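Please read them alongside the sequence and the coordinates.

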Amino acid sequence: MILRDVTTIWGNDHLVRSRPSIEEHFDVLFVPFTVDVHLDHDRQWGIFSRDGRLIDSSGYFRGQHALVCGNSTTDINFDDVPYAPEQHYIYGGPIINHFGHFLISSLSRLWFLEFHEKTSPILCHSHGAIPDWFNPSYREEFWKGANLEAKDFATFETPVRIRHLSIPRASLEEQNFVHDVYGRMMRKIGDRIVGQRSIHSNTTPAYLSKHQMRNGVTKIGNEEEIIDVLRNAGVEIFCPETMSLPDQISLFRERQTIIGTSSSAFHMSIFSELENDIFCILPTNLLNSNFKLIDKAAKNKSRYLFPKSGTEQHENTLGFNLYSIVSDPKGIAHEILSIID
């Protein structure tokens, strides 16, 4: 056997059956993102109470409820800050550029739309004006899938006081937990994106390939040798970055068996009711628990596999943070075929 199941998980993977809560806060401070500072390194932004402390339900957390940005307090004087024009806002969280984080974090508070009327602007943190939130086009499709338009949102470039802010807690917290309601919400969004398109069950396994990608987080550099074997065995090869959003969602709704290397493309399974069989080859012997959270919300039957011989790792190569070379890629492909047979 060339591959082994990965059992070491980075983070938690708790499934929560109950619905998240919505908190009501009054006279709070909205501090925008700092211009040209990456979200993870910005210690200034947030939603703060009068004592200068970050309101916990509004924070961006990972893992053991660890604050990502270290933005736990502010020293801004409330009395120096004007009020926002509306009496009431609903907090929508940060708009994150990365595709995977957009799916799991920027959409995670929208569960409230199923249970409450959209009577007030959705206040978000973001770099750029609201029209920028609809580019690239996949964002616009996701917003439309949630029945949201640009006029439904609000943000500010300078600090403002908010008279009344409703804060739906996140239905997925990265590397920590996911609520059932997140999965239901995402499947409804998927229904609207796919529309009236017919879904046809297809027993041919699908492989999600990165061989055409020019930049990203991880890549297996000799992946094409894996692909050649799988293609010759009848596995159909797909490059998600070249596919429309409805096509990607339909793929997970039509194909029971999905294979590939570690990628945010697997998060698209959350839009499917099919409960996919997923076989994912990892570049390291460590699994980010975000994949497990999606699996639990989507009820996937997934296996995450790593070559027993390890991988040759290269950092920041060809536009990828982690670029790996696997030994015996053809052997890996043949073993995958034996597993899914």
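Helices (H or I, at least four residues) and strands (E, at least two) are DSSP runs, numbered from the N terminus. The model is predicted: local features need pLDDT of at least 70 and side-chain atom pairs count only at pLDDT 80 or more, while totals for chains, interfaces and linings use all residues. Residues are numbered from 1 along each chain as its sequence is written, and side-chain values use heavy atoms, with hydrogens and water left out.

1. Asp42. This residue lies in the loop between β4 (22-31) and β5 (46-48). Asp42 counts as buried, at 1% relative accessibility; buried means under 20% relative accessible area, exposed over 50%, and partly exposed in between (1.4 Å probe, protein chains only). Not counting residues up to four places away in sequence, Asp42 touches Phe33, Thr34, Val37, Cys69 and Asn71, where contact means heavy atoms within 4.5 Å. From Asp42 to Gly70 the C-alpha to C-alpha distance is 7.8 Å, although the two are 28 residues apart in sequence.

2. The nonpolar cores. A nonpolar core is a set of buried Ala, Val, Leu, Ile, Met, Phe, Trp, Tyr and Cys residues joined through side-chain atoms within 4.5 Å. The largest has 56 residues, of which Phe142, Trp143 and Tyr182 touch the most other members. Helix α3 (residues 180-194) supplies the largest share of this core, seven residues. Apart from it lies another core, of 21 residues, including Val28, Cys69, Ala154 and Val160.

3. Phe142 and its surroundings. Phe142 counts as buried, at 0% relative accessibility. Leaving aside residues up to four places away in sequence, Phe142 touches Phe99, Phe102, Leu103, Leu107, Ile189, Ile193, Leu245, Met268 and Phe271.

4. Aromatic pairs. The structure holds 16 aromatic pairs. Rings of Phe, Tyr and Trp (its six-membered ring) pair if their centres lie within 6.5 Å; planes under 30 degrees apart count as stacked, over 60 as edge-to-face and the rest as tilted. Trp133 and Phe153 form an edge-to-face pair, 5.3 Å centre to centre with 75° between the planes. This pair links distant parts of the chain, 20 residues apart: Trp133 is in the loop between β9 (122-125) and α2 (137-145), and Phe153 is in strand β10 (residues 153-154). Both Trp133 and Phe153 are buried. The rings of Tyr138 and Phe142 have centres 6.1 Å apart and planes at 75°, so this pair is also edge-to-face. Tyr138 and Phe142 are separated by about one helical turn, because they are four residues apart in helix α2. Tyr138 is buried, with a relative accessible area of 16%. One aromatic cluster is formed by Phe99, Phe102, Trp133, Phe134, Tyr138, Phe142, Trp143, Phe153 and Phe271.

5. A charge over a ring. The charged end of Arg19 sits over the ring of Phe115, 3.7 Å from its centre. The criterion is that NZ of Lys or CZ of Arg is within 6 Å of the ring centre and within 35 degrees of the ring normal.

6. The sheet containing β13. Two strands pair if DSSP finds at least two bridges between them. Three strands form an open sheet in the order β3-β13-β12, with mixed pairing. β3 (14-16) and β12 (172-173) stand at the edges with a single partner strand each, so one side of each is left without a neighbour in the sheet. β12 pairs with strand β13 (residues 177-179) in the antiparallel sense over two bridges. Phe177 in β13 is the bridge partner of Glu173.

7. Strand β11. Seven of the nine residues of β11 (residues 160-168) are buried, so this strand is largely enclosed by the rest of the structure. Eight bridges join β4 to β11 in the antiparallel sense, and Pro168 in β11 is the bridge partner of Ile22. Strand β8 (residues 88-94) runs parallel to β11, joined by three bridges; here Tyr89 has Leu165 as its bridge partner.

8. Helix α7. This helix (residues 329-340) has twelve residues and reaches 17 Å from its first C-alpha to its last, close to the 16 Å expected at 1.5 Å a residue. The expected span is 1.5 Å times one less than the number of residues. The buried residues of α7 are Pro329, Gly331, Ile332, Ala333, Glu335, Ile336 and Leu337. Their cover includes β1 (3-5), α4 (223-232), β17 (257-261), β18 (277-281), β20 (301-307) and β22 (320-326).
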